[in-house]
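Hi,

Here's the structure I promised to pass on. Have a look at it first, then read my notes below.

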Amino acid sequence: MCIRDSFLRAAKETEITGFLITAWGDDGEECLFSHLEPLLLASMEIAEGNEKWEEKWMALTGESGEVLKARILFGNPEISETVKHVVFRDFWFHRMSNENRESLKTQWLKTLKETEDVELPNDLDFIRGLVDLGLKVINGEARVSDYIALSRIYAELWLKERKPEGLERIITRFWGAAGREDMDLR
């Protein structure tokens, strides 16, 4: 059970009559709307006492069980809360122990293996690419072209669901990481 589930269950047990779900996009941490939609549905269903949000999601979206499983795997904290830190090699990444890096590698390789033959929608395929790049970063194999390719995919996904405002901040993070990668290669 994830923390979100336990919060919702505790709220229900204490008869709280409502809740807010927020998505903060501070400092270039914006998320694609398509990644938020299943979280919204799951939260609503769990709050209502329906533990079968997955069935409703598949019925509403037409996604297969394999794709839903990939979506859930990519939503695990080992990926959702860490992959950007690794890919962008931020302060958190540099403070990571070798043991934590190895643990992430193991989990990420397992997830990529479980999803390798699944035809994913573009937003999840982007996440798969992000995880792959994260592994390359950890292994010292990332290339500038990896960052540029992912930034283009992200820009396309972003522009399909919203206006261009805010996109520059995220693309700058990709290109900045590509620049740091280029400097490290010399």
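Let's start with Asp146, which counts as buried because its relative accessibility is 19% and the cut-off for buried is under 20%. Asp146 makes a salt bridge with Lys136, with 3.3 Å between the closest N and O atoms. Asp146 sits in helix α10 (residues 144-161) and Lys136 in helix α9, so this pair ties together parts that are ten residues apart in sequence. Lys136 itself is partly exposed, at 25% relative accessible area.

Keep in mind that this is a predicted model. The average pLDDT for the protein is 88, and 92% of the residues score at least 70. Among the elements, helix α9 (residues 122-139) has the highest mean pLDDT, 97, while α1 has the lowest, 67.

Now for the other salt bridges; the whole structure has eleven. Which residue does Arg71 meet at 2.5 Å, N to O? That's Glu63, through a side-chain salt bridge. Arg71 also forms a salt bridge with Asp123, where the closest N and O atoms are 3.6 Å apart. This second pair links distant parts of the chain, since Arg71 is in helix α4 (residues 65-75) and Asp123 is in helix α9, 52 residues away. Arg71 is buried at 11% relative accessibility, Glu63 is buried at 15%, and Asp123 is buried at 8%.

Ile21 belongs to the loop between α1 (3-13) and α2 (33-47), and it is partly exposed at 39% relative accessible area.

Cheers!

Notes. Residues numbered from 1 in each chain as written. Predicted model: local features only at pLDDT ≥ 70, side-chain atom pairs only at ≥ 80, totals over all residues. Heavy atoms only, no water. Helix = DSSP H or I, 4+ residues; strand = E, 2+ residues; numbered from the N terminus. Buried < 20%, exposed > 50% of the residue type's maximum accessible area, 1.4 Å probe, protein only. pLDDT = per-residue confidence, 0-100. Salt bridge = Lys/Arg side-chain N within 4 Å of Asp/Glu carboxyl O.
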